Amino acid sequence: MLETFLFFLFAIVAVVGALGMLIARNPVSSALWMIMTLFSIACLYITLNAEFIGVIQVLVYAGAIMVLFLFVIMLLNLESMPSLGDLDWRKVVAFALGIAVLAQLLVVISLKLDVMPEPVAIAEAADATSATNIGIALLTEHSFSLEIIGVLLLAATVGAVMLAKKRFV
Amino acid sequence: MYDFLLPDMGATAPILLVALIGVVLVVVDSFSNDSASIPWLSGAVLVAAITIELARVGVTDSAFMGHVMSGGFASFVNVVILLGALGSVILSVPYLSRTGHNFGEVHALILIATAGMMVLANAGSLITLFVGLETMSICLYVLTGLVRDNERANESALKYFLLGAFSTGFFLYGIALLYGATGTMMLSDMPAALVETGRTGFFAGGVALLLIGFFFKVSAVPFHMWTPDVYQGAPTTLAGFMSTASKTAAFAALILVLGRILPLDDVGLDTRHVLAIVAAITMVVGNVLALAQRNIKRMLAYSSIAHAGYILTGLAAGALGYAGALYYLLAYTVMNIGAFGVMSVLEWDGKQGAEQTIDSLAGIGSRKPLLGVAMGVFMFALSGFPPLAGFFGKYFVFAAAVDAGLTWLALIGVLASVVSAYYYLRVLVAFWMKKPEDAHVSVQSAAFDVPLFSKVVLVACVAALIALGIVPGFITEAAGAFFVTPEATALLP
Amino acid sequence: MLTDFVPLFLMIAMALGLAMSLLKLAEWLGPKRPRAIKASAYESGMDPVGTARDRYSVKFYLVGMIFIVFDVEIVFMYPWAVSFRHFLANGGGLGSLAVISVFVVILLVGLLYDIKKGGLDWD
């Protein structure tokens, strides 16, 4: 019960953060709103018992990726976006209502068509996503993918240097 | 616990070898900038990998608990990818040296991209599929933006990156939904899981998103917008690499996904229609837009969109068309590497010559007969004249479409090919029948040699096209065998 | 399961609450007597010159990018470290060490490349 409550609480916070990111007129505020979204997604993972993924979400996305976002915003020295006053609010409301109707329809259709797969028991899911079990899978059956990911990260490093250093002009 | 490691490393040796040498090239380049040995090393490892794969075409195997496939189908596709990479590396050395961009990193990135393509094309699970796709894409984004002082190159790299990242999102979402619907990441377990769960809306959504990701990577029509800009802006030989090897990898992965999780008799029926409609639109739009292009690289980009449509025709025919599609991929790789190779030689300095149009190349055939003849062969092959390889490629995919009851699709394909003859032959008219005096002064006065390496690749491509056209059965039998033998059907129904 | 996280949630809630309430309290309780010199940007005693919104150098981006690469590396190493006991117990200690070592060496090549090509130099 608590899980369900927290899940929907954080889901709403995530959506609010995403909307805030879109509505904010200053790129830096947008980035901060996005941190809120990423953080609540991490909380969502934790309510689903995927603790490791949740922690990684905070570490990599809310931490590292957002740092890069802020760097790029400052790199580009973005001006503030034009204010929202220019928007036609009737259209915005109409859009929101349309989305609401669409969501309702989709729910009805999905109930009729048996869209949702059988959920996995929470205990089973929690077991599969513990850091230990991820480690075991990662280093045995996914060892090939792991090494290729290493090569991918190397290529990303090389690419970043090639795109940024003067020697390559 | 790690008993599987050594045999599986042996089974995936070509991929690991290419990736390893890619890493080694980064080390070599760190210690001696742009060392002359780097292209040689990368050429050597590609040749070695091709040799290993050729020896393994007969076996069917899988490695790393089914996450990677090896031998048979995988080896065949790897050979095509590696041939594309080898041709591009050899052509790139003189081209990039002339434009002053022959960095060691370029060759390292080409090798790493090639390894990524092979992982994508040999994927046994959705995880390896994604890892391969990303490895390939990241390297290609960087290679597209190689010429940093060229605004068009920057624009094309940015476009490619943004749209590519967007399509990766689709791809990843599709993977997540498929996993949610079937509970497994393994492609080989999916049919059984589907029988158990039935075909949920989750599954259909996952397939749709995955297909969008694939359509983007093979530049099928509603998702083709990036292709002309990227091919025009990227260094020419690397555009050839992108248009051949990466498409081969994406198509091979698409065959794996379609063959494994969407068997035609049952759940895949409407997916076949989606493929057929996308193929039809792609052929029509690609060919019609190519008619309007005067810039030859841009024309080749639209032509590559059209060819994606032809190959999709083969895939829409289901298991009947897979062997034909594989033959087509091989033929297409050879002729497109050749066509981009000729253009790379004609862009002799990468500056004045970088924008070659139909007008600027008037009469170049009589000045450089080798280039003229080679371009003639490539254009005839691309438009599908017998007895060159392009003809049989088209024949196989269209015949498969007719056999599968998609006669209308084959008809559209044939009509589209007729249209394509106009723009391919227009290049030849410019090359041979216009007088050199019609061209720009800068082109007339430009003195440039055809580098020996480029000559070798172009002659090899011409010879391969003729050989593939005279004895097409050799390849189709090999390719067809992947889809009938019991071991292969076990892997790929 | 989730109850394990109650202390964490409590701590986050307290941190957020404390930070926000302190800011708000200072705003309410603090006397406000603004003057021009108080309201100006603090630049260690100098008069602020130009705009604060200046373009950053691309070097920051390079460092950030390299940071992310190694951050992701840690993400992959952590599960190995946690599961290493399991591997030791099942006779896969050396194998898993080899796999992760290759991974780390590949990324070290990236670091080597960075250092050699001056990716970490500030020019």
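Domain bounds in this predicted model come from an automatic or database domain assignment. Residues are numbered from 1 along each chain as its sequence is written, and chains are lettered from A and ligands numbered from 1 in the order in which they are written. Because the model is predicted, local features need pLDDT of at least 70 and side-chain atom pairs count only at pLDDT 80 or more, while totals for chains, interfaces and linings use all residues.

**View 1. The two domains of chain A.** Domain 1 of chain A covers 1-84, and domain 2 covers 130-169. Taken over C-alpha atoms, the centres of domain 1 of chain A and domain 2 of chain A are 24 Å apart.

**View 2. Chain C as a whole.** Chain C has four helices and zero strands (DSSP runs numbered from the N terminus: helices are H or I of at least four residues, strands E of at least two). Along the sequence the pattern of chain C is α-α-α-α. Chain C is more spread out than a compact globule, because its radius of gyration is 25 Å, well over the 14 Å that the globule rule gives for 123 residues (the radius is taken over C-alpha atoms, and the rule is 2.2 Å times the number of residues to the power 0.38). The C-alpha trace of chain C spans about 70 × 50 × 20 Å along its principal axes.

**View 3. Chain C against chain A.** This contact takes 42 residues from chain C and 38 residues from chain A (two residues are in contact if their C-beta atoms, placed from the backbone, lie within 7 Å). On the side of chain C that touches chain A, helix 3 (58-89) and helix 4 (93-116) each supply at least two residues. Helix 3 of chain C gives the most to that side, with 21 residues. By class, the side of chain C that touches chain A has 28 nonpolar, seven polar and seven charged residues (Ala, Val, Leu, Ile, Met, Phe, Trp, Tyr, Cys and Pro count as nonpolar, Asp, Glu, Lys and Arg as charged, and the others, Gly among them, as polar).

**View 4. Chain B against chain C.** Eight residues from chain B and 11 residues from chain C form this contact. Helix 2 (residues 13-31) of chain B gives the most to the side of chain B that touches chain C, with five residues. That side of chain B divides into seven nonpolar, one polar and no charged residues.

**View 5. Helices 3 and 4 of chain B.** Helix 3 (residues 37-56) and helix 4 (residues 73-99) of chain B pack at about 160 degrees, with their axes 9 Å apart (axes are lines fitted to C-alpha atoms, for helices over the stretch in contact, and angles run from 0 to 180 degrees between N-to-C directions). That makes helix 3 of chain B roughly antiparallel to helix 4 of chain B (angles under 35 degrees count as roughly parallel, over 145 as roughly antiparallel, 65 to 115 as roughly perpendicular and the rest as oblique). The residues of their contact divide into 14 nonpolar, four polar and two charged.

**View 6. Helix 7 of chain A beside helix 6 of chain B.** Helix 7 (residues 143-164) of chain A and helix 6 (residues 126-144) of chain B pack at an angle of about 15 degrees, with their axes 9 Å apart. Helix 7 of chain A is thus roughly parallel to helix 6 of chain B. Among the residues in the contact are Ile148(A) and Leu152(A) of helix 7 of chain A and Val131(B) and Ile138(B) of helix 6 of chain B.
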